[in-house]
Amino acid sequence: MAEESILTDEFLRQLINVGEADILVGVPTYNNAATVGQVVQTIRAGLLKYFPRERAVIINPDGGSRDQTPDLVRGASINDLEATSDLQALRTLHSISAEYPGGASTGAALRTILAAADLLRVSACAVVSPESTTLEPEWIERLLRPVYQGNFDFVTPLYRRHKFDGLLMRNLVYPMTRAFYGKRVREPYASEFAFSGPLGSHFLAQEIWVHEVGRSGTEIALTISAITGGFRLAQTFLGVKPHLDARSADLVAAMRQTVGALFWSLEPNFSLWSSSHDSQPVPTLGTAPEVTLEPLRVNRKRLYEMFRSGVAELEPVLKSILPPPTLSELQRIAALGEADFCYGDELWARTVYEFAASYHKAVISRDHIVQALAPLYRGRAFTFLVENREASGEEVEQNIENFCLTCERLKPSLVELWNGKK
Amino acid sequence: MREMIVSELTQATQELIREFARFLPRLMVMLIVVLVGWVIAYLVKWVLRSFLRLIRFDKLSEGAGATQLLNKAALPSSTELVSRFAFWTAWLGFILVGVSALGILGLQEYVTRFFVFLPRLLVALIFLFIGLLAASFFSRAALLWAVNTDMPSPRLLSSAARVLITVFTASAVFEELGLADSTMLLAFAIVLGAVMLGLAIAFGLGGQDLARRFLEARFAHERKEGKEKEDELSPL
């Protein structure tokens with residue numbers, strides 16, 4: 001069996017001891033000692049409270065942590081949670097922790113979880129980030145219940161965010177995924193999500209595992225795979241978006257994981273995205289998330305200056321990626337003062353489409369194309385921050401919606417670029 | 001006397017005709033070898049071009065930045081260049097084989113030397129191609145890294161990476177060709193020494209302001225972080 005070759009002997013031995021399960025929660029870890037104990041405790045509490053009659057298992061594939069993360073997971077699993085509360089499992093609740101081979105990578109960890117889910121023939125499986133410090137037992141129920149009841153195959157989260165949090169998600173990843181694949185999934189790159197057994201098997205059979213997206217950016221590749229596979233999608237409101245560690249603030253790494261994976265997905269799915277023209281909403285469960293508005297101290301000037309220096313310094317690189325009219329327009333706005341600067345919806349959407357086409361044609365190294373987009377994104381982020389400085393939550397949402405519609409309207413231009421007609 | 005002259009002339013003419021008769025088959029062999037060689041070389045070019053198109057060599061070359069280099073040098077595409085190179089190498093080989101068939105002693109030695117030199121030329125050209133690709137790739141990588149980390153003078157860093165890799169490539173190419181080994185080694189050492197000294201002087205003297213600004217930005221940034229911490233915006 002394929003999953004047996006993915007799983008190590010140690011994992012396989014522990015899984016065989018489990019037998020079969022109804023529900024699986026995967027917690028991929030790598031040096032998460034600071035938070036993982038609390039996360040596993042909360043997952044256990046959620047399973048005991050909301051799924052006491054189901055056979056459940058918590059799987060912890062570890063990337064070779066050196067800070068005793070697996071020990072903390074095991075410790076959290078055998079502590080006195082049941083003794084100190086009235087939560088009791090009527091069926092089995094196993095916890096498995098083992099190292100997966102090949103070094104730390106999100107993709108390898110997710111593949112291990114998928115293989116374990118397939119082997120245990122679970123009905124519903126959730127993945128939870130070990131850094132989700134805002135995790136509550138209810139999140140487990142909100143993620144797993146829609147799948148376990150058989151209503152949906154893939155459940156993505158909706159978070160309560162600050163209006164300026166997740167700028168890359170709001171200004172590129174969500175609008176572009178929506179424009180390309182026609183589904184309004186707000187968090188296509190989610191650290192928490194759930195899927196059904198059949199969808200897990202579908203994920204395992206995909207070709208992504210032999211490519212770079214099978215190691216990094218796997219989350220968005222799985223979302224796209226669920227959309228293009230025609231599975232039933234839903235979004236569920238969880239709570240406050242957890243602030244992940246400092247690595248998540250590394251813009252280039254974030255762009256590689258999201259934009260790189262998104263651009264990569266366009267090639268194998270060309271016939272699908274090139275023939276769809278609008279987008280459909282995805283069923284949303286729970287209360288609509290609110291946008292928080294408390295004032296933040298953000299260095300906008302640095303974003304503006306890095307955009308300007310990026311456009312000037314990267315001119316030879318941008319020349320090989322962008323057509324002359326777009327590059328001229330970028331150089332024109334880069335010459336504007338901070339007060340007059342505006343990287344508008346239409347120009348930004350056109351820029352991203354032209355980058356996607358250049359990525360497809362591999363005009364230079366594809367990784368360099370993704371890296372070259374980072375300084376331009378900073379300019380767009382600056383405009384977003386300025387335009388929404390005084391905006392209410394509804395106004396911010398409306399502005400994002402307007403940008404999404406612009407992306408959908410301009411999508412035919414990407415098809416033309418893709419086919420070499422421009 | 002007259003008869004003697006006529007006899008000598010006749011003999012010389014007959015000798016010339018005999019020599020020409022002896023040479024003519026060799027010339028014909030040479031022409032046939034050259035002609036057959038052209039056909040074979042053309043076939044090699046056609047097969048190689050088809051193979052390179054099949055494996056999308058141009059796309060690989062574009063991805064590595066080689067196409068831009070070729071465009072800048074007004075050269076054809078990578079596929080065309082490689083297949084033309086194979087054609088000329090093969091045909092030149094046949095021409096030299098044909099020439100050696102003429103039996104001219106001096107030429108045969110040159111032909112032998114050429115065939116001994118040919119593999120080294122090929123390796124040197126491969127070194128050159130890979131070296132220029134590496135220089136283009138790493139200079140762009142350095143530029144992008146410097147821009148995205150807000151380093152001062154990204155283009156200077158990028159150019160330094162390009163120059164360094166190009167110098168290394170040139171030294172490897174000349175060494176492979178065996179051209180004035182000691183001179184090239186000396187020249188390489190001088191160039192490398194000059195680059196290092198230049199960088200040291202540039203950073204030590206010419207780049208005082210730059211270094212000051214850089215260090216100030218670093219320390220000022222740290223001080224600023226200590227005083228008024230900015231909120232970190234997560235892109236995701």
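Biologist: Which residue of strand 4 of chain A stands opposite A:Val25?

Modeller: This is a predicted model. Strand 1 (residues 23-26) and strand 4 of chain A pair in the parallel sense, over four bridges. Opposite A:Val25 stands A:Ala126.

Biologist: Which residue of strand 6 of chain A is the bridge partner of A:Cys125?

Modeller: Strand 4 also joins strand 6 (residues 193-196) of chain A, through four bridges. These two strands run antiparallel. The bridge partner of A:Cys125 is A:Phe195.

Biologist: Are the residues of strand 4 of chain A, A:Ala124 to A:Val127, buried or exposed?

Modeller: Look at where they point. A:Ala124 and A:Ala126 point one way from the strand. A:Cys125 and A:Val127 point the other way. On both sides, the residues are buried.

Biologist: Now the interface. Which helix gives the largest share of the side of chain A that touches chain B?

Modeller: In total, 36 residues of chain A are in contact with 23 residues of chain B. Helices 8, 11, 13, 14 and 17 of chain A each give two or more residues to that side. The largest share is six residues, and it comes from helix 17 of chain A.

Conventions. Residues numbered from 1 in each chain as written. Chains lettered and ligands numbered in written order. Predicted model: local features only at pLDDT ≥ 70, side-chain atom pairs only at ≥ 80, totals over all residues. Contact = placed C-beta atoms within 7 Å. Buried ≥ 20, exposed ≤ 12 C-beta atoms within 10 Å, placed from the backbone. Pairing = 2+ DSSP bridges.
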